[in-house]
Each structure stands twice: as C-alpha cells, then as structure tokens.
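These are my notebook entries on a structure that is new to me. I set down what I looked up, element by element.

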Amino acid sequence: MTPEQFMPIILVGIIIIAVAVLFTFIPVMLWISALAAGVKISIFTLIGMRLRRVVPNRVINPLIKAHKAGVDVNTNQLESHYLAGGNVDRVVNALIAAQRANIELSFERAAAIDLAGRDVLEAVQMSVNPKVIETPFIAGVAMDGIEVKAKARITVRANIDRLVGGAGEDTVIARVGEGIVSTIGSSQDHNKVLENPDRISQNVLGKGLDAGTAFEILSIDIADIDIGKNIGAILQTDQAEADKNIAQAKAEERRAMAVATEQEMRARVQEMQAKVVEAEAEVPQAMAEALRSGNIGVMDYYNLKNIQADTDMRDVIGKMNSGENEEEDKS
C-alpha cells in the first residue's frame with residue numbers, strides 16, 4: 001500500500017485519540033448534563049477545574065441539584081468549599097432540606113458548620129425532627145441518706161445558630177446529670193422523689209441547661225427511677241468504726257504509757273532499795289567507830305541488839321497472825 005493510502009487510516013486514528021483525550025480531560029458529558037438541566041456553565045470552566053485539581057463531578061452535580069431545588073448557589077462558592085476540604089454534596093443537601101422546612105440557612109453558615117466538623121445535614125434534620133438523648137442511671141442522695149437513681153430522656157432540637165462553637169451532647173448530658181443530683185440532694189425525703197419524679201424534670205428544665213450548647217432542650221422526662229443504697233447508714237457505720245479504731249488506739253497509747261510509768265517506778269524502787277542497803281552497810285562501821293571513840297558503851301550496844309531482836313520477833317509473830325487470818329477468810 002502506498003503512503004497516500006495510509007493517510008486516511010492515520011487521520012482516523014489521530015481523530016480517535018484526540019476525541020479520547022478530549023473526553024478524558026474535558027468532562028464533555030458532564031457539561032452536556034449541566035446544559036440539559038438548565039445550568040449555564042462554560043466548558044472552559046470545567047477545564048479550569050481540572051487544572052485546579054478539582055473533581056468536576058463533586059461540584060457540578062451538587063450545582064445541578066441546587067438549581068433544580070431553587071437554591072441560589074454558584075460555582076465559585078461550591079468550588080471554594082471543595083478546595084477547603086468540605087463536603088459540597090452534604091452542604092447542598094442541607095440547604096435544600098432547610099429550604100423545604102422553612103429554616104433560614106445561608107450557604108456561608110452551612111459551609112462553616114461543615115468545615116467545623118459537624119454534619120450540617122443531620123443538624124437540619126434534627127431541627128425538623130428532634131432527637132432523644134438517653135442518659136445513664138444518675139445517682140443522688142436525699143437528705144435522709146437514701147440513694148436514688150434516675151434515668152432521663154432529653155428531647156433536643158439542633159440550634160443552627162450555635163452549631164459553630166456550641167457544646168455537644170456530652171455537655172448536655174453532664175448538665176442534666178448535675179441538675180438531677182442537685183434536685184435529689186435538696187429533697188428532705190427520698191419518698192417525695194419517688195412520688196413526684198416530674199419534680200426532677202421541672203427543676204432541671206428550669207435551669208436553662210442548653211445555654212452555650214448546639215441544642216435547644218425541649219423536654220426532660222424521667223424514664224426510670226430506683227432506690228439504691230442507704231448511704232447515710234453506711235457513712236454512720238464507717239464513722240462508728242473509725243471512732244472505735246481511734247478509741248482503741250488512744251487506749252493502747254494510755255496502756256503503753258501506764259506500762260512505761262510502772263517500769264519507771266519499779267526502777268526507782270530498786271534504786272531506793274539499793275540506797276537503803278548501802279546505808280545499812282554503813283551502820284556496823286558507825287557502831288564500831290562509836291565504840292572505839294567511847295560515844296556508846298558496851299551495855300548500850302547490847303541493849304540495842306536486844307531491842308532489834310525483840311523487834312524482829314514481833315515482826316515474825318505479826319506476819320504469822322496475818323497469814324492465819326487470810327486462811328480463815330478464805331475458808
């Protein structure tokens with residue numbers, strides 16, 4: 001075949017490659033879909049999205065959806081939100097849902113809520129259909145010492161104006177729990193709490209616990225209430241046990257001091273007895289010195305010995321009589 005015969009084939013191949021590159025780089029079908037939906041967008045705008053590394057489907061399809069729903073948004077808004085890392089489709093769905101529910105929501109606020117990490121579509125749905133949050137059992141102690149456990153169901157509605165910067169569900173549950181504990185603790189008798197559980201919900205609801213949160217509390221209902229432990233009796237028992245241990249410790253301290261005092265007195269008695277023995281040991285020496293110096297005579301010495309012997313005999317007789325009396329008393 002001559003080169004002239006190959007030219008048509010080469011030309012057809014070039015055309016096919018050009019069309020393939022065109023449909024790959026330029027979303028022609030998406031452009032046609034947008035025109036068919038009444039969205040006026042230039043093909044060069046789609047090419048610019050490709051150059052800015054924006055997926056055209058993520059912007060054009062939500063734009064078509066918003067246009068059909070009558071929501072006023074433009075390509076630049078959607079593209080900038082996509083480049084900021086937001087979910088364009090979710091924001092558009094939230095705007096459509098808010099328009100259907102007659103909720104005032106601008107694109108800027110919806111985009112800010114989405115970029116803040118909150119589900120803006122869920123927030124709009126919660127504004128229309130309130131959500132019920134159930135707390136765990138929260139225990140409080142009445143003034144009579146009885147523990148009362150209560151479980152509450154909190155009906156909340158999303159407050160779109162406070163979604164950015166507002167506290168979440170955990171804060172609402174914590175505040176409601178604090179209100180329940182405070183209400184139970186201020187009750188004189190636990191029976192009053194059991195008779196009127198709605199008193200808890202009324203007191204808690206009147207505290208304005210939704211301030212600074214992303215929700216508006218519609219109602220607080222006590223789902224279940226139960227009796228716990230007798231905390232007052234337990235505390236009194238623990239206090240009595242502690243007082244007993246303290247008293248025992250003080251008694252042991254006094255006993256130890258008494259034992260130490262007794263030992264000290266015994267030591268002093270032994271010391272005094274030693275001094276007496278020492279003094280008695282000096283008596284014979286003094287008597288001998290008195291005899292040598294003539295201060296006393298021999299007869300005086302013998303009279304003294306007789307007196308001592310008589311005294312010893314009387315002591316022995318006295319001890320014998322006291323022993324017989326003790327035996328008689330025992331018999």
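Before turning to the strands, I note the rule that I rely on: two strands pair if DSSP finds at least two bridges between them. I also note that this is a predicted model.

**Entry 1: the strands**

I began with strand 2, residues 138–141, and strand 3, residues 146–158. The two pair in the antiparallel sense, over four bridges. I looked up individual positions along this pairing. G140 stands opposite V148 in strand 3, and V141 has E147 of strand 3 as its bridge partner.

How many residues lie between strand 2 and strand 3 in their hairpin? I found four residues between them, and G145 in the turn has a positive phi of about 90°.

Next I asked which residues of strand 2 are on the covered face and which on the uncovered one. I138 and G140 make up the covered face, while A139 and V141 make up the uncovered face. In a regular strand, side chains alternate between the two faces of the sheet.

I then followed strand 3 to its other partners. Strand 1, residues 131–134, pairs with strand 3 in the antiparallel sense over four bridges. On this side E134 stands opposite R153 of strand 3. Strand 4, residues 215–230, also pairs with strand 3 in the antiparallel sense, here over 12 bridges. In that pairing R157 stands opposite E216 of strand 4.

**Entry 2: T155**

Setting aside residues up to four places away in sequence, I listed what T155 touches: P130, K131, V132, E216, I217, L218 and S219.

**Entry 3: helix 3 and helix 4**

Two packed helices are described by the angle between their axes and the distance between the axes. I looked up both values for helix 3, residues 43–51, and helix 4, residues 56–69. Their axes come within 10 Å and cross at roughly 140°. Helix 3 and helix 4 are therefore oblique to each other, since angles over 145 degrees count as roughly antiparallel. L46, M49 and R50 of helix 3 make the contact with P56, V59 and I60 of helix 4. By class, I recorded five nonpolar residues, no polar ones and one charged.

**Entry 4: helix 9 and helix 11**

For helix 9, residues 169–185, and helix 11, residues 198–205, the axes come within 9 Å and cross at roughly 125°. Helix 9 is therefore oblique to helix 11. The crossing of helix 9 past helix 11 is right-handed. Helix 9 contributes V176, G179, I180, T183 and I184 to the contact, and helix 11 contributes R199, I200, N203 and V204. I sorted the residues of this contact into five nonpolar, three polar and one charged.

**Entry 5: M287**

Last, I located M287 in helix 12, residues 231–293. M287 is buried, with a relative accessible area of 19%. Leaving aside neighbours within four places in sequence, M287 is in contact with I296, Y301 and L304. I also looked up its separation from G208: M287 and G208 are 79 residues apart in sequence and 107 Å apart in space, C-alpha to C-alpha.

Note on methods: Residues are numbered from 1 along each chain as its sequence is written. This is a predicted model: local features need pLDDT of at least 70, side-chain atom pairs count only at pLDDT 80 or more; totals for chains, interfaces and linings use all residues. Side-chain values use heavy atoms; hydrogens and water are left out. Axes are lines fitted to C-alpha atoms, for helices over the stretch in contact, and angles run from 0 to 180 degrees between N-to-C directions. Angles under 35 degrees count as roughly parallel, over 145 as roughly antiparallel, 65 to 115 as roughly perpendicular and the rest as oblique. A crossing is left-handed if the near helix is turned anticlockwise from the far one by less than a right angle, and right-handed if clockwise. Contact means heavy atoms within 4.5 Å. Ala, Val, Leu, Ile, Met, Phe, Trp, Tyr, Cys and Pro count as nonpolar, Asp, Glu, Lys and Arg as charged, and the others, Gly among them, as polar. Buried means under 20% relative accessible area, exposed over 50%, partly exposed in between (1.4 Å probe, protein chains only).
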